[in-house]
Amino acid sequence: MDPIQTLIKDLANKHGRTKESLLPIMQGVVERESYLSERSMVEIAREMDIPAADVYGTATFYSFLETKPTGKYIIRVCKTITCAMKGKTQVLFAIQEMLKIKMGETTPDKRFTLLETNCLGWCHKAPAMLINDNVYTELTPEKVREILSGYMKQNGINQN
Amino acid sequence: MSKKINLTINGFPVEIETGKTILEAAEKQGIKIPTLCYHKDLCVAGNCRVCVVEVAGQKRLSAACATPCEEGMEILTNSLKVRNSRKHIIELLLTEHNADCTKCYRNGNCELQTLASEYKIMTQDFIELVPLKKYSIDAYSPSIMKDDSKCIRCQRCVRTCAELQGVNALTVAHKGDEMKITTFFEKHMRDVVCTNCGQCVNHCPTGALVEKNYIEEVWEAIADPKKHVVVQTAPAVRVGLGEELGLQAGSRVTGQMVAALKRLGFDSVLDTDFTADLTIMEEGTELLTRLKKALVDKDDSVELPMATSCSPGWIKYIEHMYPEHLGNLSTCKSPQQMFGALVKTYYAKARNLEPDSIVSVSIMPCTAKKFEAFRPEMYDSGYRDVDYVLTTRELAILIKQAGLDFDKLQPVKFDRLMGESSGAAVIFGATGGVMEAALRTAYEIVTGREVPFENLNITPVRGMEGIREATIKIEDPVEDWAFLDGVELKCAVAHGLINAKTVMDEVKSGKADYHFIEFMACPGGCLGGGGQPIPTNPEIRQKRAEAIYAEDGALSIRKSHENPEVLKLYKDFLKKPLGEVSHHLLHTKYTKRERY
Amino acid sequence: MANSHQLKRVDFIFRNENDWERVLSNTIKKKPQELINELISSELKGRGGAGFPTGLKWKLTSEAPDGQKYVICNADEGEPGTFKDREILSKVPYKVLTAMAVCGYVAGANQGYIYLRGEYKFLKPELEKAIDEFEYYCKEINLDFKITIFMGSGAYICGEETALMESMEGKRGEPRNKPPFPSQAGYLGKPTVINNVETLVHTFTIFKYGSKKFYDLGVQYSRGTKLFSVSGDTPKPGIYELELGMSLQDFVYEFGDGDTKAVQVGGASGFLVPRKKFKDAAIGFKGKLTGISLPTGGSMMLFNSSRSMFNVLDNYLEFFREESCGQCTPCRVGCQQLLLGIKAVKRGDKPASYLEKLLRLTETMQYTAKCGLGQSVANSFSSIVENFREEMIY
């Protein structure tokens, strides 16, 4: 068994193999792999004995279940009303400039993927973003640069 | 249980059983409420919203298909509010839909087009969304074309593929404005578990899913003086074609169909029923041989139950879903492919034709047959055994294009050599028919007597129940089959792949003790095939089935082994069932495929 | 302003109470019927947005035939401008868990779920700890009740109760046809009570202090308190527990920046109230309040005169276009048409009169959409277009 199969088998052992376990299993794969590949969806279908098309149909419904390759860190900047009012655009510019990627892209070193997302529930501390599961609020271009530098340092990335 | 409740529809009182929907109550009143996502074969989705009606006292409208009747309801199906809302919904659907109707395969038989026409949507004020979407066309399957620009997202195809067929090749993916009907990972239909059964095509209200048509190719062959174009027609076509040409469901048009085919310019009009009878000879013998090996020789390697192999949708299904059980399949090719293999050998020789000058066309109630003809195993004549497969619907198009007044055609008989058939062959078109035909022959071979059913009608295997079982006890067999004395032959019939799944799961778990199972991919068997007229629904299937059995009853020969042309074929060419020539031309192998 | 009153801050929800164990054990000493009556007489209505009477919800499920039943806490808070449930779950999780267990006791359910939106995953570890401790106590008092967290994965529509159940069943979060309602056939087809996080905490208050204490707050048809998520152009964004029934005028006086042009009440699916209507708008549930009464999940977004109402509507519509589940025609196509339509009018590609066509479209969406999402797009659309028509055109 390869690592994907092992991971999915372990997740199925933990959550069960009935249809209700589909989301938890997919979330478990995303937690480890950061996205759901074709391969992992086939393995999930096999392990749960459900149609592969169902897995794909369900996965694509949820915006946190990526089905395209992503970086290790997925940055999701909130674009809903209050964040939009409070400077989300400037924050986005700062991120794009720093990572040299556009919206929806992944850095060549596969570290960061930049996405927009709908309301994160931090409207009183707008603008807000998620990096994987971690929340960052009251963002400014300076603050976001600092946060990203932290991630880069942590990953030994030279910032030049 | 059937407590009645009272309500009014447009002011008129209606009494109806509890649990019925507003749609059903209106239908009872003779009021048609427009629908799109609703289909009698499928569960209620309630997502298109064109069936909305007004219920007095409620601000919001209710979807008639999804709302149960309640005591005292006052329903308006045509109030101004209802009309305006409905019109809006149709307009909205049209903005998302490639409404270039004159260039659409379903032009003239499209539910959205009909609705737009009824509601006289003459202008388009809303913004056209079609140019903004990256719609794609999947034309890679030999059977089915999928054009997303025509899709109205009613999900009938998805429900068909899941509920009727248990295949789940299609799914709904993404959400919001990006929501679409697609396959696993948005692959081409040919690259997923699709069985090509075409039920999605038959259930699609628009032109989003249509058969891959070979109309022009056939016209070209007919026009080519160097080609000898032979056509075969499947049993179920003769009870479906009339519908497509404006006749009542269940009209039997065999003779007119033959007449039409001759006028279209086919050089020889022959009958798939002929090879249906041949299939019974081969498959019946195969079954008896397997039984002998299992019961007398105690050969453990014999795989029982034996499963029929006439339905190419079923074949692809078992190849994907139960590849470990391919040994249970009869090795017999389907009647279409037996016919194809014989046309370019036996027929060519008898008519003194070069096989490569023959173009072999078949008219089928089926889209999976198109795929079957393309299978690499189907070149046993040395050529492609069947060149083009047309559906019942495509034949109707040929007839219309040729300007034939179908109604006025005088019935004509099939051409000879491969045109004779028995009633047993005709009933191949209905679920249970192959089983009944096989039993009529096998029982008689084994006992020397006719099957013990009045008028040869083996009623236990008939009907529309998804899975049916029958047991026939063999008593007092002839000497050759003495070992079968007292054996209870256990048979089952399943139609619609979701029912095939139930039976196969039992086979797989070892719970099923059948000897012989008939599987048909489509609900109702071939008469409900993916290539049959649209709409097909439970009532229409019933009428077609009645026509099939009437056709059987009207024929003088009712048993496959009495078909004189089949007997001649064995005498002149094949020598004996399961013989060497048969083995080469009439039997095949299957391919293991991936389930995911 | 006969029925509305000055803004009153109240502190029930976040009041630090370490007596949940006592509240739980005392409450389940009472008969289920008593507790249902208590809830009914409190007139508590659901705080998620739809405002269904909570007591009735519990009653219907308790009356469903015995067998497996479920309690679900809806923590899929996704309405733009709403963030109260997150705060409740991080500050007073025990009140939520206690209320769920009482609900289970009343309805006859021994399994509870918290459907937590994916965006709040960071809450999960703490919440799990709280659940462990809570279940331990349940065992001690012989109360058979388990709570499991079910994580969402980023889909606004899963806040709709039947979509949420579909999601828990491993499917796309597409709302179901109703009837049947969850009290008859909910999660896995079993009778299910599903309540918003805040609603559950209010039941805690009611069971602890009695229904009268709750009922005495608020106004007719809108009893008790409500958490308000305040954001936008305000000097003090945050979460506030206020007595229901106040006038929007008073609210703006308290939270506005002195230049408030409009307030969006109830999130993107609620209404936009322009300045000239502040004094007529009372914040509460639909009923016979004078003036405008507003559906309320508690989101209050303030906009000052620097804001373009076109941009606001554009932002909402983009949100709905993406977050619609996509199954029903009026919502899926309607949202696309509204968004493209206002842009076309703004660009001058469509005449200003096209706005009327769009307003009629929102009416159709309200009448015909399958669920609350599509039905309520009309709220913000019509209230913005009607009150700020000029901004839509020029």
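Tutor: What follows is a set of questions about a predicted model, each answered by setting a value against its criterion.

Student: Why is A:C78 called buried?

Tutor: A residue is called buried if 20 or more other C-beta atoms lie within 10 Å of its own, and A:C78 has 29 C-beta neighbours inside 10 Å, so A:C78 counts as buried. This residue is found in strand β1 of chain A, which covers residues 73-78.

Student: What makes A:C119 buried or exposed?

Tutor: For A:C119 there are 29 other C-beta atoms within 10 Å, and because the criterion for burial is 20 or more, A:C119 is buried. A:C119 is found in the loop between β2 (112-117) and β3 (129-131) of chain A.

Student: Which residues are in contact with A:C119, leaving aside neighbours within four places in sequence?

Tutor: With contact meaning C-beta atoms within 7 Å, A:C119 is in contact with A:C78 and A:T80, and also with C:G78 and C:P80.

Student: What makes β9 and β10 of chain C a pair of strands?

Tutor: Pairing requires at least two bridges between the strands, and strand β9 (residues 260-265) and strand β10 (residues 271-274) of chain C have four bridges in the antiparallel sense, so they pair. In β10(C), C:V273 is the bridge partner of C:V263. The hairpin has five residues between the strands, and within the hairpin C:G266 takes a positive phi near 90 degrees.

Student: How many residues of chain C are in contact with chain A, and which element supplies the largest share?

Tutor: On the chain C side 38 residues are in contact with 31 residues of chain A. The elements α7 (161-168), β7 (225-232) and α11 (309-323) of chain C each supply at least two residues of that side, and the largest share, six residues, comes from α11(C). By class, the chain C side divides into 14 nonpolar, 14 polar and ten charged residues.

Technical notes. Residues are numbered from 1 along each chain as its sequence is written. Chains are lettered from A and ligands numbered from 1 in the order in which they are written. This is a predicted model: local features need pLDDT of at least 70, side-chain atom pairs count only at pLDDT 80 or more; totals for chains, interfaces and linings use all residues. Two residues are in contact if their C-beta atoms, placed from the backbone, lie within 7 Å. Ala, Val, Leu, Ile, Met, Phe, Trp, Tyr, Cys and Pro count as nonpolar, Asp, Glu, Lys and Arg as charged, and the others, Gly among them, as polar. A residue is buried if 20 or more other C-beta atoms lie within 10 Å of its own, exposed if 12 or fewer, and partly exposed in between; C-beta atoms are placed from the backbone.
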